[in-house]
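I opened this notebook to look up a few features of one structure: a helix pair, the nonpolar cores, the aromatic rings and some loop residues. The entries follow in the order in which I looked.

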Amino acid sequence: MEIKLFSYRYALEVLEHECCHHAIDEILKICRNTPLPVYKNKSKNQAKLDVVQQIINTYFKLAFRQCAWEPEPLVTPDNFEDALRGDFRKSFQKSVSHDGKEEITLQIEVEMGNIASSYRNYFKFQLSYAYKLADIAILILPCDNLSRRIDSGVASFEKTVREIPSADLSITVPILVIGLDDTETEPIDVKAYCDNLNVVKGSRTQHKEAHETLVKEISGL
């Protein structure tokens, strides 16, 4: 897919520096390779909903796992009674160090769901930053057009870009927002690979393996 970027508190500027550009290159490559999985009539009541959110989520899980990202990292110290987990985290060795730190740690949240989930993501980012578990946060989510093809009330890049600056006093962590733009992306007809919606969505435990195999086939992982 095409991507759009929004840098909050100079997140992108830091990642594009010579010491860190290998980290952002890895992330953007994964985002650009995101498939556009279409399953016509996935919703009987809303014909415009044709993109399978679960396939995109699984794609990111598999793609980041291939690149040795830690899945579901704690965003609070180990001794906290109430554990809260993020999506992915990885530390990158700096090629050049100007601040005395040899590594930069990034935390990623992939948000293809309800708008309310975005606010939980900000909270998790802030916790990780406050406890020095992450230096920069990255939020990946659909642009407006793609969000409307997934479901109603889905978080979008454009809405996030409008909201984050208004929370300047409470969100102090640098955040890079990455929007997935489907407008120039060739759709993949999921039915040509599998017409079993339980497998397509991976909605049951017994379908998990078949679902992941389907995602690998569709995405070329």
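**Helix pair H3 and H8**

I looked up how the axes of H3 and helix H8 (residues 208-219) lie, and found that they come within 9 Å and cross at roughly 80 degrees. For this I took axes as lines fitted to C-alpha atoms, for helices over the stretch in contact, with angles running from 0 to 180 degrees between N-to-C directions. H3 and H8 are therefore roughly perpendicular to each other, a label that covers 65 to 115 degrees, while angles under 35 count as roughly parallel, over 145 as roughly antiparallel and the rest as oblique. Helices are DSSP runs (H or I, at least four residues), as are strands (E, at least two), and both are numbered from the N terminus.

The residues of H3 that meet H8 include Gln 54, Tyr 59 and Arg 65, and those on the H8 side include His 211, Leu 214 and Ser 219; contact means heavy atoms within 4.5 Å. I noted that the residues of this contact divide into 6 nonpolar, 4 polar and 5 charged, where Ala, Val, Leu, Ile, Met, Phe, Trp, Tyr, Cys and Pro count as nonpolar, Asp, Glu, Lys and Arg as charged, and the others, Gly among them, as polar.

**Basis of the values**

I kept in mind that this is a predicted model, in which local features need pLDDT of at least 70 and side-chain atom pairs count only at pLDDT 80 or more, whereas totals for chains, interfaces and linings use all residues. Residues are numbered from 1 along each chain as its sequence is written, and side-chain values use heavy atoms, with hydrogens and water left out.

**Cores**

Which residues touch the most other members of the largest nonpolar core? Among them are Phe 60, Ile 140 and Leu 180, in a core of 50 residues; helix H3 (residues 53-66) gives the largest share, 7 residues. Apart from this core I found another, of 16 residues, with Cys 143 and Ile 175 among them. A nonpolar core is a set of buried Ala, Val, Leu, Ile, Met, Phe, Trp, Tyr and Cys residues joined through side-chain atoms within 4.5 Å. Buried means under 20% relative accessible area, exposed over 50%, and partly exposed in between (1.4 Å probe, protein chains only).

**Aromatic rings**

I found 6 aromatic pairs in the structure. Rings of Phe, Tyr and Trp (its six-membered ring) pair if their centres lie within 6.5 Å, and planes under 30 degrees apart count as stacked, over 60 as edge-to-face and the rest as tilted. Phe 64 and Trp 69 are edge-to-face, at 5.2 Å centre to centre and 65 degrees between the planes, and both are buried. Ring pairs link Phe 64 and Trp 69 with Tyr 59, Phe 60, Phe 88 and Phe 92 into a cluster.

**Loop residues**

Is Cys 194 buried or exposed? Cys 194, in the loop between S8 and helix H7 (197-201), counts as buried at 16% relative accessibility. The C-alpha atoms of Cys 194 and His 211 are separated by 9.5 Å, and contacts of Cys 194 include Tyr 39 and Leu 214.

Pro 165, in the loop between helix H6 (157-163) and S7, counts as partly exposed at 40% relative accessibility. Leaving aside neighbours within four places in sequence, I found Pro 165 in contact with Phe 6 and Tyr 8.
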